[in-house]
Amino acid sequence: MGKEKIAITLDHQTVTELDRLVMEKAFQSRSQVIQEAVSEKLQRLKKTCLLTESAKLNPRIEKELAEEGLALDAEEWPAY
């Protein structure tokens, strides 16, 4: 995957913390720290969105939809 260079502005305390992590060899660079932090945040947001949307589902209706036509299909299944 290609990468793009962007410019961001951070407060002094955050930059100091980033530099500490790099000096302690927890990360190779400021860029790596920021990239991983942003990726983690995006993953959490996706998960939150999925949970929010899933909560809107009606379990009874979803089960009915999943089982719809299942009895008919079962007749066509080969015997094992």
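Guide: Quick ground rule to start: helices here are DSSP runs of H or I with at least four residues, strands are runs of E with at least two, and both are numbered from the N terminus. The model is predicted, so to speak of a local feature takes pLDDT of at least 70 and to count a side-chain atom pair takes pLDDT 80 or more, while totals for chains, interfaces and linings use all residues. Residues are numbered from 1 along each chain as its sequence is written, and side-chain values use heavy atoms, with hydrogens and water left out.

Visitor: Fine. Where is L45, then?

Guide: L45 is in helix α2.

Visitor: What makes E17, R20 and E24 a network?

Guide: Salt bridges link them. Besides its bridge to E17, R20 forms one with E24, with closest N and O atoms 2.8 Å apart. E24, at 48% relative accessible area, is partly exposed.

Visitor: Why is K56 called exposed?

Guide: K56 has a relative accessible area of 58%, so K56 counts as exposed. K56 forms a salt bridge with E53 at 2.9 Å between the closest N and O atoms, and E53, at 45%, is partly exposed. The whole structure has 6 salt bridges.

Visitor: How much space lies in the largest pocket, and why is it called a pocket?

Guide: About 680 Å³. On a 1 Å grid over the protein atoms alone, a pocket is an open set of points with protein on both sides within 12 Å along at least five of seven lines, whereas a cavity is a set where a 1.4 Å probe fits but cannot get out; lining residues have an atom within 4 Å of a point. Grid points are joined across faces, edges and corners, and the volume is the space filled by probe spheres set on them.

Visitor: Which helix gives the largest share of the lining of the largest pocket?

Guide: α2, with 6 residues.

Conventions
Salt bridge = Lys/Arg side-chain N within 4 Å of Asp/Glu carboxyl O. Buried < 20%, exposed > 50% of the residue type's maximum accessible area, 1.4 Å probe, protein only.
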